[in-house]
Amino acid sequence: MVGIVVVSHSRKLAEGVKELAEGMSNGQVPIAAAGGMEDGSPGTDAYQVVEAIRSIYRPEGVLVLADLGSAVLSARLAQEMLAAEGIDAVRLSPAPLVEGALAAVVEAAQGSTLEQVDAAVREAKYLAKLGEEQIEIEEEAPSALQMVAVETRFVLRNRLGLHARPAVLFAQTAARYQASIEARNLTRNSPWVNPRSVIDLLRIGASVGDLIAVQASGAEAAQALEALKQLAESGFGEE
Amino acid sequence: MINNRTIVAWLKLAARSMEENKGYLTDLDAAIGDADHGINMERGFKKALTLISPVEDRDIDAILKTTGMALIGSVGGAAGPLYGTFFLDAAKALSHLNELSNTDLVLLFESGLKGIQRVGKAKPGDKTMIDTLQPALEALRSAFAYGTDLIEALRWMVQAAKEGMESTIPMVAKKGRASYLGERSAGHQDPGATSTYLLIQCLLDAVESQS
């Protein structure tokens, strides 16, 4: 499984993002944090980043998320130093720290490759977190699955909408089945998105009472839809 | 001729200069950055002095490498990985030398500059330390090509570094924290370009004090 390293100027922030991301993935995904200087002052140290990467390194690779400025430079230098030792499956992500870490653990937990995790996390950059811009994300293309897919619909019961925690559960459940799945928010007329990506799910801006459509095709399409519908009807375990 | 004692003298002068100019660098950084460049540079070079004392008698690359590692591990800001890479890459280019010829000195700065560009991805004109370092290196090269002696070449270098540093005043920052200010970064001298100038000035001082 791909590992995640969080680099910040602040040790507390790096540790905090790690804690948040671990909570989202039930500790399945290896995560390490690097931040702050030896004396506790804010800053980054490339050697700390090297150690963090080394501590969770695996052949599948490690994705590094950094906050800003020197964190990015230290991460780049750490990547270079490790590559010189043959530890070269290390990528830097341009994604924002919190959204990126969340997207990264969900994607990594699905057993995705480093390339896939990197791609999923890049999307986090475009997350309209106030739900205001979701309509302009993609062209209004008809679903690619339409001809052969089965569909289910449900009304979102969660008072706070499809926020991060239910979105993670939704993505994890969708990933468990041998099926191509798409989801859209009919109430907001959102485009079809990939429900295995938590960022895509957050982008459909689903609020309580919105009607959500899910389509699936493939060997386990029916089971997938059943599981997702049940999950939604249980309020994603929030009630 | 520059030998390992000159390099150690350079680093000691650099540490003193960073201490003396801590407030100045931090004030420059306060205008367009996060007001920590002076503090970070002082901390970094202080650490470097502690770490180089056991290797002072070794080859030049050992001293430069130790300096680079100290800066990477203690500066904290972007200057850490940037100056750290400068010294690490210079060390790599100069392995097992006890004295530097003119060509070696050019190689030191050339490798260091390339390292900074690789890690920082800045170009000339982006309002960074590159704007000091690049013209300084060119001046050093042309001084030697012209046949001047070491001290004279370093004076050319310092002059070009100073002009390079001052050239950052009207520039709009393209890299680092200052770039968030966009047009508002113009009118301020870049703190990184300034610390680079100070380091080059210290090298001239070190060579002059030993001749």
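User: What is the volume of the largest cavity?

Analyst: About 60 Å³. This is a predicted model, in which local features need pLDDT of at least 70 and side-chain atom pairs count only at pLDDT 80 or more, while totals for chains, interfaces and linings use all residues. Residues are numbered from 1 along each chain as its sequence is written, chains are lettered from A and ligands numbered from 1 in the order written, and side-chain values use heavy atoms, leaving out hydrogens and water. On a 1 Å grid over the protein atoms alone, a cavity is a set of points where a 1.4 Å probe fits but cannot get out; a pocket is an open set with protein on both sides within 12 Å along at least five of seven lines; lining residues have an atom within 4 Å of a point. Volume is the space filled by probe spheres set on the points, with grid points joined across faces, edges and corners.

User: How many cavities of 30 Å³ or more does the structure hold, and which residues line the largest cavity?

Analyst: One cavity reaches 30 Å³ or more. The lining of the largest cavity is Trp10(B), Tyr83(B), Phe86(B), Phe87(B), Phe109(B), Leu133(B), Thr196(B), Leu199(B) and Ile200(B). H5 and H9 of chain B each give at least two residues to this lining. Helices (H or I, at least four residues) and strands (E, at least two) are DSSP runs, numbered from the N terminus. By class, the cavity lining has eight nonpolar residues, one polar and no charged. Here Ala, Val, Leu, Ile, Met, Phe, Trp, Tyr, Cys and Pro count as nonpolar, Asp, Glu, Lys and Arg as charged, and the others, Gly among them, as polar.

User: Now the open spaces. How much space lies in the largest pocket, and which residues are closest to its centre?

Analyst: The largest pocket holds about 1,100 Å³. It has 43 lining residues, and Gly69(A), Ser70(A), Ala78(B), Gly176(B) and Arg177(B) are the closest to its centre. Helices that each supply at least two lining residues include H3 (70-83) of chain A and, from chain B, H5 (79-93) and H9 (191-210). The lining splits into 16 nonpolar, 15 polar and 12 charged residues.

User: What about the second largest pocket?

Analyst: That pocket holds about 370 Å³. Of its 18 lining residues, Tyr47(A), Lys65(B), Met69(B), Leu88(B) and Lys92(B) are the closest to the centre. H3 of chain A, with H4 (60-74) and H5 of chain B, each supply at least two lining residues. By class there are nine nonpolar, two polar and seven charged.

User: At what angle do H3(A) and H5(B) pack?

Analyst: Two packed helices are described by the angle between their axes and the distance between the axes. For H3(A) and H5(B), the angle is about 30 degrees and the axes are 9 Å apart. So H3(A) is roughly parallel to H5(B). Angles under 35 degrees count as roughly parallel, over 145 as roughly antiparallel, 65 to 115 as roughly perpendicular and the rest as oblique. Axes are lines fitted to C-alpha atoms, for helices over the stretch in contact, and angles run from 0 to 180 degrees between N-to-C directions.

User: Which residues of H3(A) and H5(B) meet?

Analyst: Ser70(A), Leu73(A), Ser74(A), Leu77(A) and Met81(A) meet Pro81(B), Leu82(B), Thr85(B) and Leu88(B). Contact means heavy atoms within 4.5 Å. Six of the contact residues are nonpolar, three polar and none charged.

User: How many strands form the sheet with S2 and S4 of chain A as edge strands, and in which order?

Analyst: Strands of a sheet pair through backbone hydrogen bonds, either parallel or antiparallel. This open sheet has four strands, ordered S2-S1-S3-S4 (chain A), with parallel pairing. Its edges are S2 (31-35) and S4 (90-93), each pairing on one side only. Two strands pair if DSSP finds at least two bridges between them. S1 (3-8) and S2(A) are joined by five bridges; Ser8(A) has Gly35(A) as its bridge partner. H1 (11-24) of chain A lies across S1 and S2, at about 165 degrees to S2(A).

User: Which strands form the antiparallel sheet of chain A?

Analyst: Three strands do, in the order S5-S7-S6, as an open sheet. S5 (150-155) and S6 (180-185) stand at the edges with a single partner strand each, so one side of each has no neighbour in the sheet. Six bridges pair S5(A) with S7 (211-217), and Val150(A) has Ala216(A) as its bridge partner. H8 (221-233) of chain A lies across S5, S6 and S7, at about 0 degrees to S5(A).
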